[in-house]
Amino acid sequence: MHVNINRKAPTGILGFPVAPLNNQGKLDEKALETNIQFLLDEGLEAIFIACGSGEFQSLNTKEYTAMLEVAISVVNGKVPVYTGVGGNLSTALEWARISEEKQADGYLILPPYLIEGEQEGLYNYLKAIIEHTHLNAIVYQRDNAILQLPTLEKLTELNQLVGLKDGYGNMELNIELTQSLGKRLSWLNGMPMAEVTMPAYAPIGFDSYSSAISNYIPHISRMFYNALLSHDQELLSELYQNIILPINDIRKQKKGYAVSLIKAGMEIIGLPVTDTVRPPIVSVDKEHYAQLERILTRAFDQYPKSSKQVLS
């Protein structure tokens, strides 16, 4: 059991490592170590392991446990480590318990499997997971798990609930939630390619976001966030036009690119990760891969890293 748990979600730019797979489709733990260390070296404020970008939906319990053990070992207390739990309720409870046993700091609760439940059903699902351990919990607002204000208010009675991550994009609902609940929860932007939408989220209280591109161009994500916070509109516009929106255009070409495009970017910059993915996700097409290569070349040419270089 954790003692004196800090009941606050991480803020800033959040790192979501992938699940590196070898040519046989098996988890490559060494590559995962490199991925996590890269994110730490680049100053990301937390590590969220075995979540969406980590192909949560295709992991078995052994792989999940291995990924968590790698993350805890590499991070070694430097930043908070959160895990992904969700889907089938019995598996979610089992993985929540594993997260606590391995001494993670908390977990992100992904939507339940397949079923669209009523608000009462969603409340019961989330309550069961949140109460199952003493760890911090963040609920993920997306797909078939969209919480309305009364449901979220009721969940805030649970001390373990520290935040909401939005991947739905309903700004009217986001304003209602943030302005009603205020600082009781932390608010995380979890939209695909969150840099695209962060200027709309920051003014209403969202002070952190999950950054897919931080797995391969973290200096761009940091440059973007600093420009956003300092209201440097000229630099923001440059980054949007030259890097962020072109990558986002590729991401939208195929379902699953939210994951496989991350792996492609990592491979392009020289990290020991291939774009091997598990079905139903598909690898990046050659044409799109070449487009991403050109964008990343431009990124490093126009916005060179101040201290660290592309890996060789």
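Predicted model: local features only at pLDDT ≥ 70, side-chain atom pairs only at ≥ 80, totals over all residues.
Local features need pLDDT of at least 70, side-chain atom pairs count only at pLDDT 80 or more, and totals for chains, interfaces and linings use all residues. Residues are numbered from 1 along each chain as its sequence is written, and side-chain values use heavy atoms, with hydrogens and water left out.

**Stop 1: helix α8**

Select residues 218-229, which form helix α8. Helices (H or I, at least four residues) and strands (E, at least two) are DSSP runs, numbered from the N terminus. The end C-alpha atoms of α8 are 17 Å apart, which agrees with the 16 Å that its 12 residues should span at 1.5 Å a residue; the expected span is 1.5 Å times one less than the number of residues.

Now colour P218, H219, I220, S221, F224, Y225, A227 and L228: these are buried. Buried means under 20% relative accessible area, exposed over 50%, and partly exposed in between (1.4 Å probe, protein chains only). The buried residues of α8 pack against β1 (12-15), α1 (29-41), α7 (198-201), β8 (208-210), α9 (233-251) and α11 (286-302), where contact means heavy atoms within 4.5 Å.

Step just past the helix to H231, which takes a positive phi of about 60°.

**Stop 2: salt bridges**

The whole structure has 11 salt bridges, each a side-chain nitrogen of Lys or Arg within 4 Å of a carboxyl oxygen of Asp or Glu.

Start with R222 and E45, whose side chains meet at 3.1 Å, N to O. R222 is in helix α8 and E45 in the loop between α1 and β2 (46-49), 177 residues apart. R222 counts as partly exposed at 21% relative accessibility, and E45 does so at 28%.

Next, select E69 and K102, a salt bridge of 2.7 Å, N to O. E69 belongs to helix α2 (residues 61-75), and K102 to the loop between α3 (89-101) and β4.

Then show D285 and K254, with their closest N and O atoms 3.0 Å apart in a salt bridge. D285 sits in the loop between α10 (257-269) and α11, while K254 sits in the loop between α9 and α10.

**Stop 3: a nonpolar patch**

Finally, switch to a surface view and select Y113, L114 and I115, which make a nonpolar surface patch of about 400 Å². Patches are made of residues with over 30% relative accessible area and no salt bridge, nonpolar side chains (Val, Leu, Ile, Met, Phe, Trp, Tyr) being joined within 5 Å and like charges within 9 Å. L114 lies in the loop between β4 (106-109) and α4 (119-132) and counts as exposed, at 64% relative accessibility.

Terms used. Areas by Shrake-Rupley, 256 points an atom, 1.4 Å probe, with all protein chains shown as cover.
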